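Subject: Structure handover

Hi,

Here is the structure for you to pick up. Please load it first, then read the notes below.

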Amino acid sequence: MGDFDGQIAVITGGARGIGAEIARRLAAGGAHVVCADLLDTTEIVAEITAAGGSAEGRPLDVTDGEVAAATIQEIHGTHGRLDILVNNAGITRDQLLVRMKPQDWDLVLKINLDGVFLVTQPAAKIMMRQRSGRIVNIASVVGLMGNGGQTNYASSKAGLIGFTKALARELGPRNVTVNAVAPGYIQTAMTDALTDEQREALMKSVAIPRLGTATDVADAVAFLAGPGASYITGTVVNVSGGLYM
Ligand code: NAD
């Protein structure tokens with residue numbers, strides 16, 4: 001018996017990276033996972049299915065409200081329930097404020113924050129009627145501590161943390177929890193590009209001297225979505241090896 005047997009989980013940005021790892025983790029726990037992404041999800045769906053899990057892919061641009069609502073409603077129509085929503089889709093467009101193009105400000109806010117609103121609203125309606133559900137938002141420690149060159153990204157993630165807390169208060173009475181996970185530096189294609197000097201400087205700023213892994217993040221998501229977290233809502237779980245404390 002897995003923690004998520006019989007449950008339906010939607011993961012935005014589930015085609016690769018942290019989102020794909022969250023999909024693997026929830027599927028291993030028995031959930032049917034829906035990887036919703038701009039990118040092709042064939043590979044992750046095939047991988048999960050080959051490992052004995054249950055998965056499907058859906059094309060989704062989180063900034064398209066009509067498609068987002070239709071996708072969530074279709075998933076609910078097909079499966080008859082919606083138990084877990086992980087808002088993971090996100091991007092960076094880093095630049096110092098004085099050089100930042102307005103379109104890079106807009107795009108980051110649009111995907112990282114508006115997109116969460118557009119996907120969560122239809123999902124929350126279903127979970128409220130169902131009187132159960134778990135929403136986990138993937139924020140970032142940058143939304144808590146700031147980072148030069150990321151005013152757009154930090155604003156979107158700080159906004160996401162405020163969204164998490166406000167929605168937790170709205171949905172708590174309906175037995176729906178809303179939490180955030182704030183990863184620090186996680187080993188991905190992005191951090192693979194760090195130079196040795198950058199890596200060394202980074203190791204001095206964390207208490208646990210290694211990069212985090214997508215599995216570290218997925219484990220925190222699985223805890224918040226799982227049976228042990230039914231009295232936890234409106235929190236931010238910081239998965240940063242002590243980068244921020
Ligand atoms: P990634 O780029 O590997 O994956 C992001 C996924 O989101 C991609 O599959 C992409 O196609 C999808 N996506 C982007 N825009 C979309 C849209 N408009 N609609 C639907 N899907 C869209 O990045 P990642 O490192 O796996 O990051 C996942 C999440 O974790 C993001 O929210 C990111 O901000 C957050 N995060 C990452 C790190 C890190 O170190 N990698 C640290 C802190 C927070």
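The notes below cover the ligand site, then the cavity, then the salt bridges.

Keep in mind that this is a predicted model.

Ligand site

The ligand is surrounded by 25 residues. The closest are Arg16, Ile18, Asp37, Asn88 and Tyr153. Sorted by class, that shell has 14 nonpolar residues, 7 polar ones and 4 charged ones. Two helices to look at here are H1 (17-28) and H6 (151-171): each supplies at least two residues of the shell.

An N or O atom in the side chain of arginine 16 is 2.7 Å from an oxygen atom of the ligand. Asparagine 88 uses its backbone instead: a polar backbone atom there is 2.8 Å from a ligand oxygen. Isoleucine 186 also contributes through the backbone, with an N or O atom 3.1 Å from an oxygen atom of the ligand. As for burial, the ligand taken alone exposes 830 Å². The protein buries 90% of that.

Cavity

How many cavities of 30 Å³ or more does the structure hold? There is 1. The volume of the largest cavity is about 30 Å³. Its lining is made up of Thr12, Val62, Asn87, Ala89, Ile111, Gly115 and Val116. Helix H4 (residues 102-130) gives the most to that lining, with 3 residues. By class, the lining has 4 nonpolar and 3 polar residues. No charged residue takes part in the lining.

Salt bridges

A search of the whole structure turns up 7 salt bridges. One of interest joins the side chains of arginine 24 and glutamate 21, at 2.7 Å from N to O. Both residues lie in helix H1. Arginine 24 and glutamate 21 are 3 residues apart, about one turn of the helix. Helix H1 is also one of the helices that supply the ligand shell.

Over to you.

Best wishes

Key:
Residues are numbered from 1 along each chain as its sequence is written. This is a predicted model: local features need pLDDT of at least 70, side-chain atom pairs count only at pLDDT 80 or more; totals for chains, interfaces and linings use all residues. Side-chain values use heavy atoms; hydrogens and water are left out. A residue is near a molecule or strand if one of its heavy atoms lies within 4 Å of it. A polar contact is a pair of N or O atoms within 3.5 Å; within protein, one must be able to donate a hydrogen and the other to accept it, and residues adjacent in sequence count only if both atoms are side-chain atoms. Accessible areas come from the Shrake-Rupley method with a 1.4 Å probe; for residues, only the protein chains shown count as cover. Helices (H or I, at least four residues) and strands (E, at least two) are DSSP runs, numbered from the N terminus. Ala, Val, Leu, Ile, Met, Phe, Trp, Tyr, Cys and Pro count as nonpolar, Asp, Glu, Lys and Arg as charged, and the others, Gly among them, as polar. On a 1 Å grid over the protein atoms alone, a cavity is a set of points where a 1.4 Å probe fits but cannot get out, and a pocket is an open set with protein on both sides within 12 Å along at least five of seven lines; lining residues have an atom within 4 Å of a point. Grid points are joined across faces, edges and corners, and a volume is the space filled by probe spheres set on the points. A salt bridge is a side-chain nitrogen of Lys or Arg within 4 Å of a carboxyl oxygen of Asp or Glu.
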